[in-house]
Amino acid sequence: MSDVDQLLKERGQQWGDAISTHERIAAAWTATLGHIVNPVDVVLMMIQLKAIRAQINPDEKDSFDDIEGYARIAKWIMGHEANPELQKGLPF
């Protein structure tokens with residue numbers, strides 16, 4: 001299991017299903033901002049946050065792992081990549 005696979009598994013166990021979580025965040029941001037935000041928009045904005053952190057501290061590997069993890073979540077949301085953990089019924 002790669003570092004990013006492990007990270008996604010741990011975060012899923014901690015925070016719940018990644019897809020539904022990003023749907024909930026999108027709904028909250030839509031209400032706050034007054035215009036539609038979709039789950040992929042949430043992912044892209046989180047990637048920007050992590051990219052800025054990586055720029056500030058490029059020696060810290062975590063931001064790069066987070067970027068990779070968010071990209072994988074975007075692929076799951078768009079159906080470009082299967083999420084075997086979800087298919088197994090694990091709580092993430």
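This is a predicted model: local features need pLDDT of at least 70, side-chain atom pairs count only at pLDDT 80 or more; totals for chains, interfaces and linings use all residues.
Me: Within what arc do the buried residues of α3 fall?
Reply: The buried residues of α3 are P39, V40, V42, V43, M46, I47, K50 and A54. Look down the axis of α3: they line one face of the helix, because their directions fall within an arc of 145 degrees.

Me: What covers the buried residues of α3?
Reply: V42 and M46 are among the buried residues of α3. Part of their helix's cover comes from other helices. The cover includes α2 (18-33) and α4 (61-78).

Me: How far does α3 reach from its first C-alpha to its last?
Reply: Helix α3 runs over residues 39-56, which makes 18 residues. The rule is 1.5 Å a residue, and the reach is close to what that rule expects. From first C-alpha to last, the value is 26 Å.

Me: Which residue caps the N-terminal end of α3?
Reply: Look for a side-chain oxygen by the backbone nitrogen of V40.

Me: How far apart are the end C-alpha atoms of α1?
Reply: Helix α1 covers residues 3-15, so it has 13 residues.

Me: Which helix do the buried residues of α1 pack against?
Reply: V4, L7, L8 and G12 are buried in α1. They fall within an arc of 130 degrees seen down the axis, so they line one face of α1. The helix they pack against is α4.

Me: Is H22 buried or exposed?
Reply: H22 is found in helix α2. Its relative accessible area is 6%. The cut-off is under 20%, so H22 is buried.

Me: Which residue's backbone oxygen does the H22 side chain reach?
Reply: H22 sits in helix α2. Leaving aside neighbours within four places in sequence, H22 is in contact with P39, V42, V43, Y70, I73 and I77. Its side chain also reaches a backbone oxygen at 2.7 Å, that of A18.

Me: How far apart in space are I25 and P39, C-alpha to C-alpha?
Reply: I25 is found in helix α2. I25 is partly exposed, with a relative accessible area of 27%, whereas P39 is a buried residue of α3. They are 14 residues apart in sequence, yet in space the C-alpha distance is 7.3 Å.

Me: How many helices are there in the protein chain?
Reply: Read along the sequence, the pattern is α-α-α-α-α. Strands number 0. The count of helices is 5.

Me: What is the radius of gyration of the protein chain?
Reply: The globule rule gives 12 Å for 92 residues. The chain comes close to that, so it is as compact as a globular protein of that length. Its radius of gyration is 14 Å.

Me: What share of the 92 residues is buried?
Reply: The protein chain exposes about 6,000 Å², with 56% supplied by carbon and sulfur atoms. Counting residues instead, the buried share is 30%.

Note on methods
Residues are numbered from 1 along each chain as its sequence is written. Side-chain values use heavy atoms; hydrogens and water are left out. Helices (H or I, at least four residues) and strands (E, at least two) are DSSP runs, numbered from the N terminus. The expected span of a helix is 1.5 Å times one less than its number of residues. Buried means under 20% relative accessible area, exposed over 50%, partly exposed in between (1.4 Å probe, protein chains only). The arc is that of the directions from the helix axis to the C-beta atoms. Contact means heavy atoms within 4.5 Å. A polar contact is a pair of N or O atoms within 3.5 Å; within protein, one must be able to donate a hydrogen and the other to accept it, and residues adjacent in sequence count only if both atoms are side-chain atoms. The radius of gyration is taken over C-alpha atoms; the globule rule is 2.2 Å times the number of residues to the power 0.38. Accessible areas come from the Shrake-Rupley method with a 1.4 Å probe; for residues, only the protein chains shown count as cover.
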